[in-house]
Protein chains: 2
Amino acid sequence: MNKLNVISIALLSTLSIGANASNEPIEIIPAAVITNPEKVELGKMLFFEPRLSKSGFISCNSCHNISTGGVDALPTSIGHNWQQGPINSPTVLNAEYGLAQFWDGRAKDLKEQAAGPIANPKEMGFTHDLAVDTVRSMPAYQARFADVYNSKDINIDMITDAIAEFEKTLVTPNAPFDLYLQGDKSAISDQAKAGYQLFKDKGCVSCHNGPAVGGTMYMKMGLVKPFHTNNPAEGRKGVTGKEADKFVFKVPTLRNIELTYPYFHDGSVWDLEEAVNTMADIQLGQKLSESEVKEMVAFLNSLTGEQPQIVLPILPPSNKNTPRPEPFAD
Amino acid sequence: MNKLNVISIALLSTLSIGANASNEPIEIIPAAVITNPEKVELGKMLFFEPRLSKSGFISCNSCHNISTGGVDALPTSIGHNWQQGPINSPTVLNAEYGLAQFWDGRAKDLKEQAAGPIANPKEMGFTHDLAVDTVRSMPAYQARFADVYNSKDINIDMITDAIAEFEKTLVTPNAPFDLYLQGDKSAISDQAKAGYQLFKDKGCVSCHNGPAVGGTMYMKMGLVKPFHTNNPAEGRKGVTGKEADKFVFKVPTLRNIELTYPYFHDGSVWDLEEAVNTMADIQLGQKLSESEVKEMVAFLNSLTGEQPQIVLPILPPSNKNTPRPEPFAD
């Protein structure tokens with residue numbers, strides 16, 4: 001992102017305080033302000049680094065693909081040795097706005113999250129030690145870490161910290177709905193405006209609010225009627241151990257929802273109209289008319305923001321000290 | 001690539017005619033000149049398009065990763081359902097300079113090559129019909145194809161033509177060795193200069209010549225001594241049916257060889273010194289001293305050029321008409 005862009009967005013988001021102050025439950029999402037571009041660049045390299053996986057084939061971007069809304073657009077992800085993941089991959093876009101990370105909130109922030117998949121045998125299938133050995137083996141990485149962390153050593157905390165710093169820049173500002181909130185009444189269609197009114201009137205905003213239109217709380221999936229799924233995930237219960245937390249998940253962001261299909265933690269629903277109907281039914285006990293659903297979807301589609309413009313990083317070559325990938329070793 | 005860059009490189013390559021005219025067997029590689037940026041942009045989208053695979057997970061870039069020298073840096077690639085590929089993935093960088101494509105030259109050009117992996121059950125595992133249905137389903141692609149091909153329809157020929165047009169831009173100019181050929185005698189070390197002299201004197205240039213330092217001919221792997229490998233690939237024999245073509249492969253480019261490990265068609269050798277020794281031994285019947293090998297490697301490392309600066313494309317969302325990915329279907 002160029003400097004001018006950052007500044008102009010910063011101005012817009014200052015202006016937007018007025019709009020947000022008008023008591024709208026959804027807030028304008030400001031563009032990322034990059035204060036440490038060297039750390040962001042290092043984090044970008046690591047985000048696209050397939051050598052953080054055992055196979056040398058899977059990077060963060062494999063399942064959180066910035067080309068496709070920050071997700072892999074699969075019901076559940078493909079991991080090491082083509083293992084089927086247990087849950088739908090959440091988008092990395094605007095993820096910093098979540099009160100915690102993962103569907104069950106078991107990681108307190110992006111840095112803690114980033115450590116998970118690297119060492120998960122079903123995802124990247126590596127170990128933190130080997131990931132560190134890999135990065136540490138390359139002089140180009142050594143120089144960047146020395147520069148960013150003022151340290152001769154490299155550890156997993158620095159690796160995940162840098163990845164998180166990059167991920168914090170993956171914000172999608174200036175969605176038509178943001179322009180609308182800023183006062184441009186022609187930025188969204190009348191249908192979308194009606195959808196937003198419905199979104200508030202029906203109670204969707206009680207969970208989907210804030211700058212990310214979600215991510216601010218946990219809620220039971222199937223609040224008034226059970227959600228039928230074959231997916232065994234139990235949500236917060238796995239973290240807290242409490243029976244009351246069974247099927248309680250982090251409320252997902254609805255920003256860029258047009259891009260982040262298939263929907264729900266089990267990735268079972270591909271169609272946004274169907275997802276809206278299901279939510280109205282099982283969370284709110286409401287039945288929406290066909291035109292109401294279309295209005296709601298028009299509103300949701302107005303939440304697609306400017307996607308990150310990422311120059312693909314060029315990664316340094318491996319050498320004799322770099323652990324070799326083991327794609328077929330098991 | 002910005003226009004100024006293209007022009008300045010074009011000027012350089014005009015100047016370079018003088019250098020090439022000095023009878024050096026290796027020629028300066030000019031930067032790509034983009035004449036149809038819309039087609040290149042469309043091709044870039046398709047190159048990064050995981051929905052050209054059955055799983056929705058594998059794109060051209062998966063095995064020809066522009067972040068890592070245009071290869072996956074694995075002995076053989078990972079395909080659909082984690083199948084092990086039969087041969088080392090050749091680099092997409094400067095691939096246009098090959099007299100044909102694939103190790104055995106079975107595709108006459110990049111366009112014909114691009115059609116292969118999409119429908120190969122061991123690679124992307126899709127069909128051309130489904131690939132076309134996928135692309136055709138999305139209005140954003142329809143508009144781009146209409147614009148580029150002046151056609152309301154989309155077919156596999158257009159898809160592979162656009163991919164090839166993008167791949168033709170993946171050239172890596174201005175390697176230190178190119179600057180040296182242009183007259184900057186300090187662009188490479190004395191060790192590299194000695195290595196280049198050896199490269200010519202020992203006969204390496206008889207196969208590795210031209211702008212890509214290879215790709216201009218077919219040659220038997222194991223010309224004077226047999227190459228020992230468990231890889232069953234028979235090279236040109238599979239194309240021509242002739243016994244004389246057994247183990248005859250396209251001579252690979254040595255541009256960016258520092259990045260395109262592991263080496264040889266079986267990807268069996270990770271270390272460039274070892275690869276040089278093996279080539280000298282089995283192709284030329286020569287034994288190089290330790291210092292000669294180091295000189296040769298210093299020369300080869302001077303062939304690493306400017307890597308492509310690619311802004312990651314943002315892909316349009318699927319819709320009800322888009323065939324759904326089937327990562328775990330079979």
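Q: UniProt positions follow the numbering used here, feature names are shortened, and annotations may be inferred rather than shown by experiment. Where in chain A does UniProt place "domain: Cytochrome c"?
A: This is a predicted model: local features need pLDDT of at least 70, side-chain atom pairs count only at pLDDT 80 or more, and totals for chains, interfaces and linings use all residues. Residues are numbered from 1 along each chain as its sequence is written, chains are lettered from A and ligands numbered from 1 in the order written, and side-chain values use heavy atoms, without hydrogens and water. The UniProt entry is unreviewed and places the domain at residues 38-146 and 190-304 of chain A.

Q: How far apart are the end C-alpha atoms of residues 190-304 of chain A?
A: Helices (H or I, at least four residues) and strands (E, at least two) are DSSP runs, numbered from the N terminus. The span is 36% helix and 5% strand. Its end C-alpha atoms lie apart by 17 Å.

Q: Which helices do the buried residues of H12(A) pack against?
A: H12 covers residues 290-301 of chain A. Its buried residues (under 20% relative accessible area, 1.4 Å probe, protein chains only) include A:Met296 and A:Phe299. By contact (heavy atoms within 4.5 Å), they pack against H8, H9 and H11 of chain A.

Q: What is the volume of the largest cavity?
A: A cavity is a set of points on a 1 Å grid over the protein atoms alone where a 1.4 Å probe fits but cannot get out. Six cavities reach 30 Å³ or more. Points join across faces, edges and corners, and volume is the space filled by probe spheres set on them. The largest has about 50 Å³.

Conventions. Expected span 1.5 Å × (residues − 1). Buried < 20%, exposed > 50% of the residue type's maximum accessible area, 1.4 Å probe, protein only. 1 Å grid on protein atoms, 1.4 Å probe; cavity = no way out; pocket = protein on both sides within 12 Å on 5 of 7 lines; lining within 4 Å.
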